[in-house]
Amino acid sequence: MDFIAILSIFVLACFVGYYVVWSVTPALHTPLMAVTNAISSVIIVGALIAAAEAGSETAKWLGLLGVVLASVNIFGGFAVTERMLAMYKKKEPAKKQLGAPRKAEGGEA
Amino acid sequence: NPWVALAYLVAGVCFILALRGLSSPATSRAGNRYGMIGMTIAVVTTLITHDIASLPEIGIAIAIGGTIGFVIARKIAMTAMPQLVAAFHSLVGLAAVLVAGAAYANPGAFGILVSHIDPTGLETLVISPVSRIEMALGAAIGAITFSGSVIAFLKLNGNMSGAPIMLPMRHVINLGTLVAIIVLTALFAMTDPAPEWMFGTILVLAFVIGFLLIIPIGGADMPVVVSMLNSYSGWAAAAMGFTLHNTAMIITGALVGASGAILSYIMCRAMNRSFISVIAGGFGAEDTGG
């Protein structure tokens, strides 16, 4: 693929990233950060390609180590987000009763 | 292969839905699921469309990493969340450095070699200059993410004093290091064949500046820093995506990079802090004019 084509994809994705989070609820800052963190482990794709290709032992081992690190992040990141959101859900009824915004414990760090 | 690009596009859309979902309590859990689906699509697509020379090793690597991550995520106290997220960022940063190193060690596998004719008329294959810039940037941003996140983790976890550490002339040192990284990256792109010492020096300088940028920041302001480092990890993934011509990494890296930066901006505004000084490293502290 030529450089301009990938640059176009990159720039458009930047704009999507820019607009998508503006309306985030303050209590969800930390979970959003956690899920973004998990998503950034897409670097695992690069590590998998490096680990998969024959030709260089060094590259293979660097790739495999990258796969381990990124896997920690993927599984850990999504699991942690799930835990935080579960806490938020429990707080929901209380919030409705009081009629005032209330932060979840795992909300603002 | 058009199917690969299509699958990566679907993964990208899932990640957009994940970020959007996490913006509101009602859709947050669905958002997290979309994130998991997107990541699964990206990983599985990569695995089935490459000639895997080492599938058992890759399976073991994912199993080891996945188990560690899952157990930590389950056992950690809710109060330790911010430092856990910081620790996870450092892993992404280090993974980006490793991928850059792998691309440098085995450029042929990534299709980034071009022919180069030296003054004596001898033709050799070298890494294309554009790929070298992308590779050096990806490695440098990854290294900054790594060392910065380690410091953020140590401060949040209480292993290191939360008090800001002010070096004299720190702005001059930071700017000098940054300029050195940029100059070396340019030289790295122009010198044939791509010299190893330059790549190594760029990495070392990037590790140092990540450290220098975070030590002057007070512990109370760390959440904003963690979000900023999150953004950096996205840019590192995007830069490596450019090197590998991989749209999944480019789309997702750009999404994470941009949304992470906006999230830090929103958090800064909520705390009434200046966004520029976060990036400049000295956030939350009085500028002593050094």
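This is a predicted model: local features need pLDDT of at least 70, side-chain atom pairs count only at pLDDT 80 or more; totals for chains, interfaces and linings use all residues.
Buried means under 20% relative accessible area, exposed means over 50%, and partly exposed lies in between, with a 1.4 Å probe and protein chains only as the basis.

Residues are numbered from 1 along each chain as its sequence is written, chains are lettered from A and ligands numbered from 1 in the order in which they are written, and side-chain values use heavy atoms, with hydrogens and water left out.

**Stop 1: the salt bridges**

A:Glu82 sits in helix H4 of chain A and B:Arg33 in helix H2 of chain B, so the pair joins two chains. Helices here are DSSP runs (H or I, at least four residues), as strands are (E, at least two), numbered from the N terminus. B:Arg33 is partly exposed, with a relative accessible area of 41%.

Now select B:Arg29. The side chain of B:Arg29 also meets that of A:Glu82 in a salt bridge, at 3.3 Å from N to O. B:Arg29 belongs to helix H2 (residues 28-49) of chain B and A:Glu82 to helix H4 of chain A, so this pair joins two chains. At 27% relative accessibility, B:Arg29 counts as partly exposed. Show the three residues together: through shared partners, salt bridges join A:Glu82, B:Arg29 and B:Arg33 into one network.

How many salt bridges does a search of the whole structure find? Over all chains there are three. To see another of them, select B:Glu57 and A:Lys60, whose side chains meet at 3.0 Å, N to O. This pair crosses between chains, from helix H3 (residues 55-75) of chain B, which holds B:Glu57, to helix H4 (residues 57-98) of chain A, which holds A:Lys60. B:Glu57 is partly exposed at 28% relative accessible area, while A:Lys60 is buried at 14%.

**Stop 2: aromatic rings**

Rings are next. Rings of Phe, Tyr and Trp (its six-membered ring) pair if their centres lie within 6.5 Å; planes under 30 degrees apart count as stacked, over 60 as edge-to-face and the rest as tilted. By this rule there are 10 aromatic pairs over all chains.

Select A:Phe3 and B:Phe242, a tilted pair with 5.9 Å centre to centre and 45° between the planes. A:Phe3 lies in helix H1 (residues 3-20) of chain A and B:Phe242 in helix H8 (residues 222-244) of chain B, so the pair joins two chains. Which of the two is buried, with a relative accessible area of 8%? That is B:Phe242, whereas A:Phe3 counts as partly exposed at 39%.

**Stop 3**

B:Thr243 is buried, with a relative accessible area of 0%. Leaving aside neighbours within four places in sequence, B:Thr243 is in contact (heavy atoms within 4.5 Å) with B:Ala103, B:Ile112, B:Ser131, B:Glu134 and B:Met135.

**Stop 4: the nonpolar core**

Finish with A:Ile43 and A:Ile44, the residues with the most contacts inside the largest nonpolar core, which has 119 residues. Such a core is a set of buried Ala, Val, Leu, Ile, Met, Phe, Trp, Tyr and Cys residues joined through side-chain atoms within 4.5 Å. Helix H4 (residues 81-105) of chain B gives the most to this core, with 16 residues. Sequence neighbours within four places aside, the contacts of A:Ile43 include A:Ala70, B:Val92, B:Ala237 and B:Met249.

Note on methods
A salt bridge is a side-chain nitrogen of Lys or Arg within 4 Å of a carboxyl oxygen of Asp or Glu.
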